[in-house]
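Here is a short briefing to read alongside the model. Have the viewer open and follow along as the topics come up.

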Number of protein chains: 2
Amino acid sequence: MADCDWALALHGGAGTILKEMMTPEREAAYRAGLEAALEAGRKVLADNGTAEDAVVAAVMVLEDDPLFNAGRGAVFTSAGTIEMDAAIMRGSDRAAGAVAGIHTVRNPIRLARQVMEHSPHVMFCGAGAEAFAREQGFEAMPASYFETEHRRNQLREAQKLNQISLDHNDHKYGTVGCVARDCHGNLAAATSTGGMTNKHPGRVGDSPVIGAGTYASNDGAAVSATGHGEAFIRETVARDIAALVQYGCVPLEEAVRRKVLEDLPRISGDGGVIAIAGAGAPVMLFNTPGMYRAALCEGGEAEIGIYGD
Amino acid sequence: MADCDWALALHGGAGTILKEMMTPEREAAYRAGLEAALEAGRKVLADNGTAEDAVVAAVMVLEDDPLFNAGRGAVFTSAGTIEMDAAIMRGSDRAAGAVAGIHTVRNPIRLARQVMEHSPHVMFCGAGAEAFAREQGFEAMPASYFETEHRRNQLREAQKLNQISLDHNDHKYGTVGCVARDCHGNLAAATSTGGMTNKHPGRVGDSPVIGAGTYASNDGAAVSATGHGEAFIRETVARDIAALVQYGCVPLEEAVRRKVLEDLPRISGDGGVIAIAGAGAPVMLFNTPGMYRAALCEGGEAEIGIYGD
């Protein structure tokens, strides 16, 4: 990858993603989804747009794609409902917006941005988040817009396993996210998710928790995570990576390595992150067999990956 | 204060707390509340109990006391409802539990602990958090249990000011919290709040956000914050203090000073924190005129304060 000025990276979830479980058609569809999102972000950055515009543009493409667990195609809770979370953070002034437990908003990341820009608050959850969406003029989409047969089947599978074990192993942490550095040197991070299949209603994962699944500060790094949310909250993964850079003077690659390959495995925290700092290429790392991911630097070639190396 | 083995500190909110606005009776009542909470925590620690038992015991006393903005006596949202948040974190393994937007649970900190110990999740919000409370056998208290005339008046005042300015200035950030180190050297932090008077329903502050208002890791520090929640989330205050100790090798007192007196004021983040590390006395610091606070070290004298020095 070329040394770069603007750059972006995105992920579409990590987990037990193995080549032998994938059909060529399905793989091509995932690659096309990642490429389309990368292109949406690239366009903003190449036009001298801001990092926050770029991450929102990329995440919206993934939210609209039913293959990814965010927006359309979000997974089901144990009650058969959909509850989505999203967050955005801007590195220049550490402004942030987050929503948790929403079920009618087509693009949760847009609502998170609205919280950041048009409310005095940082985080809204549940009915209050939905009410804020209506105040801000977001259309209420019917449940049928989000629901897919594939996710319905995943819930049935998870619930069958639950009859044996409370701790069912979906081993696929669907979340989408993007980090970017714009031509002004500013960073941003955005994350959006449907959470975990068969989760307890009201459960909030790491995505909308600033410092856990989403974080950006020009002093440190912009990070978006995907994985076993509870472990990522306890390890304050996104902030820790930026803090290791900022306070520990550790290079970004090493900071990511420590959190993803050392700290998280200690508490069985499966997943991965994408991260970007004030200079250099983005870092993408995961401790699961695979992670849907893509990255691009100004003047470089797009890098798209699904499996481990 | 004596050099100490076990130790604890607690706060009951920070803000424009001035001696000239206080009657002797009211001041005595606040002091009595702080003393009672300190005694509840002390008893646990002196009996060789755990840090998490101590912080829960202390916070429950403050939740039950209508003078403090947590549990009984919580402030009202703009809709005239009550929405309480709480979180607990254990330093030995960084286990954590948090609830946001609950309205029927007498002691939100007990529910947060139940999330930590009896669910696979870390955070629950809104209706899902209430449903979890019922599953766990928590009694649903009527709204009248929490509501006080004093808080009703505060809402009326805030709403009057809102007619002029969206950004009303309550200047009093009620939250309660406790940090402790037990005789085994383990740390814990707990925070509980009714949030901000006249807040938008669904708004989540820093208290239940792990790394913002509440954090504990034996590697760094246990921290509980009180203040303008949005700023505390953006500055990941509690984790940052612990990260400065852990990654930056900064003494606890200096780490607290940087966040509370340098980073937070830069974004108008009014408030304060209590913090404790693996050795030494607790640190209590605020950038507001006052903070209700108390601390005690093994073999030392209780320190109780309300105003700045």
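What follows covers the contact between the chains, the strand pairing and the salt bridges.

This is a predicted model. Chain B and chain A bury about 3,300 Å² between them, and 38 residues of chain B are in contact with 38 residues of chain A.

**Where the chains meet**

- Of the area buried between chain B and chain A, 61% is on carbon and sulfur atoms.
- On chain B, the elements that give two or more residues to the side touching chain A are β4 (123-125), α4 (126-135), β8 (203-204), α7 (229-234), α8 (237-246) and α9 (252-266).
- Sorted by class, that side of chain B has 18 nonpolar, 8 polar and 12 charged residues.
- The count of salt bridges between chain B and chain A is 4.
- For a salt bridge with a residue from each chain, look at B:R239 and A:D240, whose closest N and O atoms are 2.6 Å apart.

**Strands that pair across the chains**

- Strand β4 (residues 123-125) of chain A and β8(B) run antiparallel and are joined by 2 bridges.
- To find this spot in the viewer, pick A:M123, whose bridge partner in β8(B) is B:V204.

**The sheet of chain A**

- Strands β10 (residues 222-227) and β11 (residues 271-276) of chain A run antiparallel, with 6 bridges joining them.
- Within that pairing, A:A222 stands opposite A:I276 of β11(A).

- Chain B has 4 strands in an open sheet, in the order β9-β10-β11-β12, with antiparallel pairing.
- Its edge strands are β9 (214-216) and β12 (283-286) of chain B, each pairing on one side only.
- From one strand to the next, the twist averages 10°.
- β9(B) is joined by 3 bridges to strand β10 (residues 222-227) of chain B, and the two run antiparallel.
- B:T214 stands opposite B:S224 in β10(B).
- α8(B) packs on the sheet and touches β9, β10 and β11 (271-276) of chain B, its direction making about 25° with that of β9(B).
- α9(B) touches β11 and β12 of chain B as it packs on the sheet, and its direction makes about 15° with that of β12(B).

**Salt bridges overall**

- Over all chains, the structure holds 48 salt bridges.
- One of them pairs A:R90 with A:E52, the closest N and O atoms being 3.6 Å apart.
- A:R90 lies in strand β2 (residues 84-90) of chain A and A:E52 in helix α2 (residues 51-64) of chain A, so this pair ties together parts that are 38 residues apart in sequence.

Methods
Residues are numbered from 1 along each chain as its sequence is written. Chains are lettered from A and ligands numbered from 1 in the order in which they are written. This is a predicted model: local features need pLDDT of at least 70, side-chain atom pairs count only at pLDDT 80 or more; totals for chains, interfaces and linings use all residues. Side-chain values use heavy atoms; hydrogens and water are left out. Contact means heavy atoms within 4.5 Å. Buried area is the accessible area (1.4 Å probe) that two parts lose on being put together, summed over both. A salt bridge is a side-chain nitrogen of Lys or Arg within 4 Å of a carboxyl oxygen of Asp or Glu. Ala, Val, Leu, Ile, Met, Phe, Trp, Tyr, Cys and Pro count as nonpolar, Asp, Glu, Lys and Arg as charged, and the others, Gly among them, as polar. Two strands pair if DSSP finds at least two bridges between them. Axes are lines fitted to C-alpha atoms, for helices over the stretch in contact, and angles run from 0 to 180 degrees between N-to-C directions.
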